[in-house]
Amino acid sequence: MSESLETIRRKYHQKRALLITLILIFFISAAVSLFQLRQSITIINEHYGTSVFSMFQLKMELRRFDDALTLYQAAPNAGHLRQLQSRYEILWSRFPVLIEGDDGAQIRIIETAESTLNQAFNTVKSLEHDVFNKLPVDPDYSVQIQQTLAPQFSAIDTLSMQDYYRTNAIFNRSDSHILRLQQQLILLMFGLIITGSLLLVMIIRESRLNRYQAEHDSLTDIPNRAFLKREITRYNDKTQPFALHLLDLNGFKEINDTLGHHVGDALLQAVSRRLVDEIDKCYASVTCRLGGDEFAIIQTTIGRKQSLNTVTDKIISLFDRPFVIDQHSCFIGVSIGSVTYPEHGNDASTLLTRADIAMYTAKERAPESKQMLFDFDMDIQINRRQQLQRDLREAIDAEKLQLVYQPIVSFETQCVASLEALLRWNHETFGAIPPLEIIEIAEKYSLANQLGCWVINQTCSQIAQWQASGFKPLPVAVNISPSMHQLDLASIINQALTDHDLPKGLIRIEVTEDTSMRILKETQNMLPELARQNISIALDDFGTGLSSLSHLQQLPIKTLKIDRCFISKITEDHTSSLLVKNIICIGHDLGMRVVAEGIENTAAARLLTDYQCDYGQGYLFSKPLAPHLIPECCNRLATEYFTEMAT
């Protein structure tokens, strides 16, 4: 990995701690700012009052009432009397504001305020009778009223001055406190701006980092599938022609399995570096890793087909040189599938699918390195394959498949010794599907185990039907696909035999070179367990693989089947004849029975009899037959063939 897990974990914890710190600072600053703002408002609300104004109004009304008394005394008339009485009522109304209202609460802080106001108010109230009853008849009584009010003038003046100085001092203190709060608030707001800005920067950076990580491969640090699809869509929107090359590494799995995943990871990094350095920089292209050992290259500028081949030839040449990883020289090949826009598709999904088809076609045609440009005939083939895999699922469930049986004849007893079950599928659209293609589709689309179990159960059912009709049951060999090694095959076979009331030993297993190699590699105990359960094992197509002799040593094989490619030339080619003779001898020396496949004429049968071959199978005896024809065929072979051999 480009970064160790510990480094990534440490960076993550550092980022989280920084983010938590910034968030705490931000919210603490915001909370303190709100608290101080509220405190400032509270101070203003608490100390901002109208007591000074109210006292001033009270003084003014006292003066005006006194002036009204003087005026009425000097010129007594009804108009001056009404004015005097009105002034008295206004003066009366000023006292409850100070005594009972909010202003009174502020003034009462002064020690003598309450008593002074109450005394003055009581004095004013005591004059009510004089103002409304005596003055209308005796204007000179105004002098007596003025003398009564005179002491209150000095008391109210004194109280007013005390309230003024007190309020002024409060305002001075509040102003300085509010100023300090404002200064602190400014600092806190500055802190909020700084932390908010840092948080915004972190969010933007993390967003960019997350997008980068979402569109780049963590192992190789090159763009990934998401980036590739976005780029393809962008070029599609611009209607700009481009080429897409899909790469699959050949031989990578073996290196990864044998040398370890750390070497495999380092190899993928080396491949990506070589592609970026020698393809992207030279041909204005973009290399992406799709996952596993698959890469993609967008060639943004294409002209003639020659320019397309120039890039792909260069890519293939890069893999001619070994990759040196941890002192290991790793040789791998590459299969390339290429498509062009808009010729082969107008969207990312179509282009990737068709490039994938071309790439797998290249892989099938060359085991090392090859490039294939997509052809619409490939699309037809893949559509056929897709339809077959869908229909195969239905065919298994609906029993639309058939089994035919080919006799295996004993040269010694001159009768049919066993049968081989062969799969047939007559498709409604495509007609007869070759058995190898059926197996290939089943393996590729995870249907092989289901298909194998169906073949075993169907074979047991047919044996039971023969037995019920009076035909002596014969052992039947069934072919297993490579993936069936994952199952408990011995239990499946024995259970099928039990379900149909059949004895053990009637089902035999045939494995090919490829199947046996896979079994040896992944589940070494499977074939020995079959042998312990009295299930005979035959090695099919012997002589065509690379490890046949080692298989004879490692596997519990009871029967050896010589491939038809040797038998077909046995009467014409001396080398083939010698090979067959020696294979038979080797099999006998190892205690095995030998079956010759593909016998088509009596000359080959006579020669195999001379070589002491045990069994024969082929069109000379019978082609594969439907189940109801097998009893008659077995009876006929016992008379016709060996009579012909004798003559």
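This section describes the fold, cysteines and aromatic contacts of a predicted protein model. Local features require pLDDT of at least 70 and side-chain atom pairs pLDDT 80 or more, whereas totals for chains, interfaces and linings use all residues. Residues are numbered from 1 along each chain as its sequence is written, and side-chain values use heavy atoms, without hydrogens or water.

The protein chain contains 23 helices and 16 strands (DSSP runs of H or I, at least four residues, and of E, at least two, numbered from the N terminus). Of its 647 residues, 44% are buried (under 20% relative accessible area, 1.4 Å probe, protein chains only).

The whole structure has zero disulfides (cysteine sulfur atoms within 2.5 Å). The cysteine sulfur closest to that of Cys633 belongs to Cys634 and lies 5.6 Å away, too far for a bond. Cys633 is buried at 2% relative accessibility, and Cys288 is buried at 0%.

Aromatic pairs number 12 (ring centres of Phe, Tyr and Trp, the latter by its six-membered ring, within 6.5 Å; planes under 30 degrees apart are stacked, over 60 edge-to-face, the rest tilted). Phe242 and Tyr341 are stacked, because their centres are 5.2 Å apart and their planes at 20 degrees. This pair links strand β1 (residues 242-250) to strand β6 (residues 333-341), across 99 residues, and both Phe242 and Tyr341 are buried. Tyr405 and Trp466 are edge-to-face, at 5.1 Å and 70 degrees. Tyr405 belongs to strand β8 (residues 402-410) and Trp466 to helix α15 (residues 448-468), so the pair ties together parts 61 residues apart in sequence. Tyr405 is buried at 1% relative accessibility, as is Trp466 at 4%.

Notes: Buried means under 20% relative accessible area, exposed over 50%, partly exposed in between (1.4 Å probe, protein chains only).
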